[in-house]
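Hi everyone, thanks for making time. Please have a look at the sequence and the model on the screen, and I'll talk you through a few places in it.

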Amino acid sequence: MNFITSEKSLVIALSSALLLTACGGGGSESSDNSTSTNSSNSNSPEAISPSSPIDTSKPSEPNTPPEPLKPTTSPETSAPEATSPVLKVEVDMKDVESKSYDGAAQVGSKLLNSQRQACALGGLAQNNELTKIATQHAQYIQHVFANSSPTMFNAHDEREIEDIKTWTGKNNPFFTGISFKDRLLKAGYSNLAHGVVENISRITYYSSAGRVASPEYAAHSMTKSLLAAPYHMRLLVTPNLSQTGSGMIAYKPYGKATDKSQGYVFVNASSADRNTENRSVEGLFTYPCNDVADTNTALYNEFPSPVAGTGRDLGTDPIGQPIYINMPSAKNIKISNIKFRDIQRNIDVPVDLLDYSNDPHKRTAYELPQNEAFILPITDSLQSCETGRRVGKNCGLYGNSKYQVSFDVLVDNKTLETKQFTFTTGEVNY
């Protein structure tokens, strides 16, 4: 279902990480406080600045190999859990109350869980502590945007902002701590020492007809958008995560017609625990992986941009769902001979490779390790948009279509391996 709007709907995706793993931490929180926008008519997400991992308590042990997780097992569950069905795609805006939607939050958590399990990355158990932490921070964000229009805002920071101080910092009734770590400490979160990640998405829908995505469908879409943004995706599919909790809040955006505009905030917090903090994957893994279904078709924006330096504006010229490649046991990998095939249409999709050798963000907190890479489908020639004013234009990969991906991997400059799998997109996202 596509919700075409007459103004740019705003979506922000944030990631923060407090990770303690056997391969080390370090770094500092992001200092980026900007909100990116563009002029395209789209409900698809913009992502801004994930934070690099922070060592919060004890030194890592770089000489200790991570405990491997065999690709065929998941300690938390024996089989992938199906995503909860989204019963209503579209609802009357007047029926959406400004409140917390716990069921919608669980739709997002369960989708993340099922996608991880499908790739043998370990299941995520529902955690009430994380749910409460995520929900209260979502309430903080909605209070800001229901009462003001900030020009500078870091969505996982609860710092007082001078020009909107009435609604930020301790003046916000939902304030619990400036940083993600502060909020976890105040809540006394039991697994803080083992590693925690926070991902946030905010969207404003505009509809002249007064119809809007249901809270459940919005949470589903917002979670998929986070799994299509490379620098956010790589945190969400961290193998050692085992607990999760989400918050989903609906609100009326400040300064917008209440009968035509609807805002949602989705916050997910996921963590490792004592038993999983050193867990890794044996061999190479990808996301999407074999037989994963219902991925996004396109990436419309992320900061830092995975296509920085190319001149491409993702808002008007998106790329397809990126493919993440990680081999934790290797020091470095080199990807070659990439084939990205649309099985239904029997065509090859051109690709670019993003890895350590051509990383536009070297010597920054976002630098890719040498054992990770992304395949970026370049979909300029595809006519994948199906409705509205963008019919026949580039909306990334085609919707509800199966793609076959294959590539060679040179491991530590010694061993050559070949990987092949198929995945299926969901409906076209705009």
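I'll go through a helix, the disulfides, the cores, and then some individual residues. One thing to keep in mind is that this is a predicted model.

Let's begin with helix α1, which covers residues 102-118. Its 17 residues reach 24 Å from the first C-alpha to the last, close to the 24 Å expected at 1.5 Å a residue. Is this helix enclosed or open? Twelve of the 17 residues of α1 are buried, so the helix is largely enclosed by the rest of the structure. Among those buried residues are Val 107, Leu 111 and Leu 112, and also Asn 113, Gln 115 and Arg 116. Just after α1 comes Ala 120, with a positive phi of about 55°.

That brings us to the cysteines. How many disulfides does the structure hold? There are two. As a reminder, a disulfide is a covalent bond between the sulfur atoms of two cysteines.

One of them pairs Cys 119 with Cys 289, with the sulfur atoms 2.1 Å apart. Cys 119 sits in the loop between α1 and β5, while Cys 289 sits in the loop between β11 and β12, so this pair ties together parts that are 170 residues apart in sequence. The torsion about its S-S bond is about -100°, so this disulfide is left-handed. Cys 119 is buried, at 9% relative accessibility, and Cys 289 is buried with a relative accessible area of 9%.

The loop between β11 and β12 also holds Pro 288. If you look at the peptide bond joining Tyr 287 and Pro 288, you'll find that it is cis, with omega at about -5°.

The other disulfide is formed by Cys 385 and Cys 395, whose sulfur atoms are 1.9 Å apart. These two cysteines are ten residues apart, and each is in the loop between β19 and β20. Here the S-S torsion is about 95°, so the disulfide is right-handed. Cys 385 and Cys 395 are both buried. Counting the bonded cysteines in sequence order, the pairing reads 1-2, 3-4.

Now for the nonpolar cores. Which residues touch the most other members of the largest core? They are Met 248 and Tyr 264, in a core of 48 residues. Helix α4, residues 215-226, gives this core its largest share, five residues. There is also a second, separate core of 21 residues, which includes Ile 323, Ile 333, Leu 382 and Tyr 403.

Tyr 403 turns up again when we look at Asp 342, which touches it along with Ile 347, Tyr 398 and Lys 402, leaving aside residues up to four places away in sequence. Asp 342 is in strand β16, residues 333-342. Is Asp 342 buried or exposed? It is buried, with a relative accessible area of 0%. A polar atom of the Asp 342 side chain lies 3.1 Å from the backbone nitrogen of Gln 344.

Asn 346 counts as exposed, because its relative accessibility is 53% and the cut-off for exposed is over 50%. Asn 346 is not a glycine, yet it has a positive phi of about 55°. Asn 400 also has a positive phi without being a glycine, at about 50°, and it is found in the loop between β19 and β20.

That's my tour, and I'm happy to go back to any of these places on the screen.

Notes
Residues are numbered from 1 along each chain as its sequence is written. This is a predicted model: local features need pLDDT of at least 70, side-chain atom pairs count only at pLDDT 80 or more; totals for chains, interfaces and linings use all residues. Side-chain values use heavy atoms; hydrogens and water are left out. Helices (H or I, at least four residues) and strands (E, at least two) are DSSP runs, numbered from the N terminus. Buried means under 20% relative accessible area, exposed over 50%, partly exposed in between (1.4 Å probe, protein chains only). A polar contact is a pair of N or O atoms within 3.5 Å; within protein, one must be able to donate a hydrogen and the other to accept it, and residues adjacent in sequence count only if both atoms are side-chain atoms. Contact means heavy atoms within 4.5 Å. The expected span of a helix is 1.5 Å times one less than its number of residues. A nonpolar core is a set of buried Ala, Val, Leu, Ile, Met, Phe, Trp, Tyr and Cys residues joined through side-chain atoms within 4.5 Å. A disulfide is a pair of cysteine sulfur atoms within 2.5 Å.
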